[in-house]
Amino acid sequence: MKDLTMHIVDIVQNSVRAEAENVVLAIEIGEEMLSIKIIDDGCGMDAETLEKVTDPFYTSRTTRKVGLGIPLMKQNAELTGGEVKIASIVGEGTEFEATFGLTHWDRPPMGNLPETVAMTMTGNPSVNLMFSCSKGEASFAVSTAEVKEILGDDVNISQPKITSFLKDMIAENLKELEMIID
Ligand SMILES: Nc1ncnc2c1ncn2[C@@H]1O[C@H](COP(=O)(O)OP(=O)(O)OP(=O)(O)O)[C@@H](O)[C@H]1O
Ligand SMILES: [Mg+2]
């Protein structure tokens, strides 16, 4: 079984491949549902492609015949009473949302969210990743643009010590706000 963070990496990777400059990763911890939104300003998909993306035998990849990122996440979401919704406009971008039953037995564990966000940010330095997590009134957000602003132009963000600093900073904030989910 995949962790939710592995699904997140898959979907964000789609946005990176779609040449997005900005990617939003918004996690909402509701009373009953967990929502994961990934919104990008990449190349988008036409209606025909969009219809096919939840089918495991569709991919625009030429190296491999099946695309599994979206179908696997959809299958796991549906097993928990959730769903996957995708909206896309060619040349404008894509909005992806997966919902999971928060306390459902079949919900995959979250995995290490702070580490995943930190690695996604520093591993794709030319993409502005805007991460947010909210639960009721509480919310935490951090973006690549903010991190670059704080560190200054001459600092390369793809350094292990920056990944590790970001991971600790995000973990502390999520813990403080009681947003750590297993
Ligand atoms: N954010 C996006 N922007 C534009 N096209 C997308 C986006 N996400 C998915 N697609 C299109 O949908 C197809 C299917 O995506 P999916 O993640 O299911 O499989 P894949 O990326 O092709 O392969 P895998 O995820 O298994 O490596 C992609 O090949 C791509 O054409
Ligand atoms: Mg994919």
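**Helix packing chat**

Mentor: The axes of helix 1 and helix 4 come within 10 Å and cross at roughly 20 degrees. Axes are lines fitted to C-alpha atoms, for helices over the stretch in contact, and angles run from 0 to 180 degrees between N-to-C directions. Helices (H or I, at least four residues) are DSSP runs, numbered from the N terminus.

Trainee: So is helix 1 roughly parallel or oblique to helix 4?

Mentor: Roughly parallel, because of that angle. Angles under 35 degrees count as roughly parallel, over 145 as roughly antiparallel, 65 to 115 as roughly perpendicular and the rest as oblique.

Trainee: Which residues make the contact?

Mentor: Thr 5, Ile 8, Val 9 and Val 12 of helix 1 meet Leu 113, Thr 116 and Thr 120 of helix 4. Contact here puts C-beta atoms, placed from the backbone, within 7 Å.

Trainee: Where do these numbers come from?

Mentor: This is a predicted model: local features need pLDDT of at least 70, side-chain atom pairs count only at pLDDT 80 or more, and totals for chains, interfaces and linings use all residues. Residues are numbered from 1 along each chain as its sequence is written, while chains are lettered from A and ligands numbered from 1 in the order in which they are written.

Trainee: And how do helix 4 and helix 6 pack?

Mentor: Helix 4 (residues 113–123) and helix 6 (residues 160–176) pack at about 140 degrees, axes 8 Å apart. They are therefore oblique to each other.

Trainee: New topic. Which residues come nearest to ligand 1?

Mentor: Asn 14, Ala 18, Ser 60, Gly 67 and Gly 69, of the 20 around ligand 1. A residue is near if its C-beta atom, placed from the backbone, lies within 6 Å.

Trainee: Which helices supply the shell?

Mentor: Helix 1 (4–17) and helix 3 (69–79) each give at least two residues.

Technical notes. Two residues are in contact if their C-beta atoms, placed from the backbone, lie within 7 Å.
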